Amino acid sequence: MLMSSEEYRESLRQYKPTVYLGGRRVESVADEPAFAPGINALGVTYDYALKTEFAPLMLATQHSSGKQINRMLHINTSSGDLLNKLEAVRLLCQETGCAQRYLAHDAFNAIYQATHRIDAAKGTAHSQNFLNYLHDAQERDLSVGIALTDAKGDRSKRPHQQANPDTYVHIVERSAKGVVISGTKAIVTGAPYMHEFLVMPCRNMTEQDAAFAICCAVPCDAAGLTIVARPAGRPGEKSALFSNKFGQSTGVLMFDKVFVPWERVFYADEWEHSGYMTHSYATHHRHSCIGARAGFGDLLIGAGALMCEANGFDPGKETHLRDQMVELIKITEGFYACGVAASVYATLDADSNSWMPDPVFSNIGKLLLATQIYDMQRIAHYVSGGLIVTLPGPDEDHNPQPPRTWPTYCAPIPMCLMTNVYRPRASWKT
Ligand SMILES: Cc1cc2nc3c(=O)[nH]c(=O)nc-3n(C[C@H](O)[C@H](O)[C@H](O)COP(=O)(O)OP(=O)(O)OC[C@H]3O[C@@H](n4cnc5c(N)ncnc54)[C@H](O)[C@@H]3O)c2cc1C
């Protein structure tokens, strides 16, 4: 059942995770002001799925259940699905800066592929286990955090060579009922306000690393799991009009003998398939990142155009500003085009019968955005001037005794950062 943003916020109250922030225990994630911008951002992924005009992008039909679900939890069954996901992520990130929930899509698709591949190679039943979990997560419209990146300790050593084995999450006990895992995942987007986590290996493994090859689902309030998080965005900062509304928390997850029943274990000890899993996840994720950063680019384009106007220029007429704005659009649409190409040249994964974006175009798009993001910020700064980092906060707008020379154009400037320009293209037939 699809949730609204309000229902999502309320649903967080059903869980009792152990969360620390700034050295103190957080009693209620849903009521913690420091997480509000993150919960708001995730909320947009729920509310947009309920809007009729966005339904073709934000909703999808899961082929294995026939149910209509949020696209952020969908398994791709065509090239059109990948194009729609790309557009949906761009739309969400244009509003929020980063909507965070698309990582679940990327992990779902990777685990779907990897479990089918292991079944084909070894005759196991991992894919059915995962399918049951997938249907349940889709039905409950969950937000699922991705716990892939291990703390890693000494990077020159493999997991089994680490002096402290807890630098990687690993299996410490196996029984007829399930496994017990310990270790640390270091960078988990949205960690404090997720319902569940998918634990996945972050690298290729050798046979000696078998205990570290574990992929499973863990609820956020599992016994033995501690989340240490950063604030989401810049909560409570009045002058940060955008970042106090939408932001991203990241968290460290510490697993201390956490029990996971077999029905939530999607593979264990199958070290030889970890390389494939991380390759598949990275390919889906880089494809999604292209849509996300294009949405962020749209925010900068809109803000840049408004800053030109606030400074008294028409960027269409003032050549040096027009050139910079064209450059900003060229960068954004340039890496986005790689995402489109990766979708168009997607391939069918024969084991799982699902669709995978083209890895070369996905990686080129990711490389372009990851290097050009610095140019995007530089251009936004260039067309704006120094006011954007030096202006006093919006409280001054309401000061009953402003200095006589307070410039009238100061008031609308922070609002530039709330402006969007991009509108999604038509959805693609799947
Ligand atoms: C904003 C943000 C959000 C993220 N969200 C998530 C998330 O939700 N879930 C998740 O699982 N991960 C997440 N990540 C983690 C991301 O995938 C990792 O940052 C990335 O995989 C790199 O790992 P690392 O940061 O540990 O750096 P490292 O891999 O440790 O790299 C550090 C440096 O060491 C070098 N190095 C490392 N290993 C070797 C080696 N063996 N040989 C030679 N050189 C080496 C690297 O080249 C680099 O220069 C996020 C990251 C960021 C920045």
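Predicted model: local features only at pLDDT ≥ 70, side-chain atom pairs only at ≥ 80, totals over all residues.
Let's start at the ligand. Its shell consists of Leu103, Ile146, Leu148, Thr149, Lys152, Arg155, Ile187, Val188, Thr189 and Gln248. Sorted by class, that shell holds five nonpolar, three polar and two charged residues.

A polar backbone atom of Ile146 sits 2.7 Å from a nitrogen atom of the ligand. Leu148 also uses its backbone, with an N or O atom 2.9 Å from a ligand oxygen. Arg155 instead brings a polar side-chain atom to 2.6 Å from an oxygen atom of the ligand. On its own, the ligand has 970 Å² of accessible area, and the protein covers 41% of that.

From here, turn to the sheet. Four strands form an open sheet in the order β5-β8-β9-β12, and their pairing is mixed. The edges belong to β5 (144-147) and β12 (265-268); each has a single partner strand, so one side of each is left without a neighbour in the sheet. From one strand to the next, the twist averages 25 degrees.

Within this sheet, follow β8 (residues 196-199) and β9 (residues 214-219): the two run antiparallel and are joined by four bridges. To place yourself along this pair, find Leu198, whose bridge partner in β9 is Ala217.

Finally, look for helix α5 (residues 102-122), which lies across β5, β8, β9 and β12. Relative to β5, helix α5 runs at about 65 degrees.

Definitions and conventions
Residues numbered from 1 in each chain as written. Heavy atoms only, no water. Near = heavy atom within 4 Å. Polar contact = N/O pair within 3.5 Å; in protein donor to acceptor, adjacent residues only side chain to side chain. Areas by Shrake-Rupley, 256 points an atom, 1.4 Å probe, with all protein chains shown as cover. Nonpolar A, V, L, I, M, F, W, Y, C, P; charged D, E, K, R; others polar. Pairing = 2+ DSSP bridges. Axes fitted to C-alpha atoms, helices over the stretch in contact; angles between N-to-C directions. Contact = heavy atoms within 4.5 Å.
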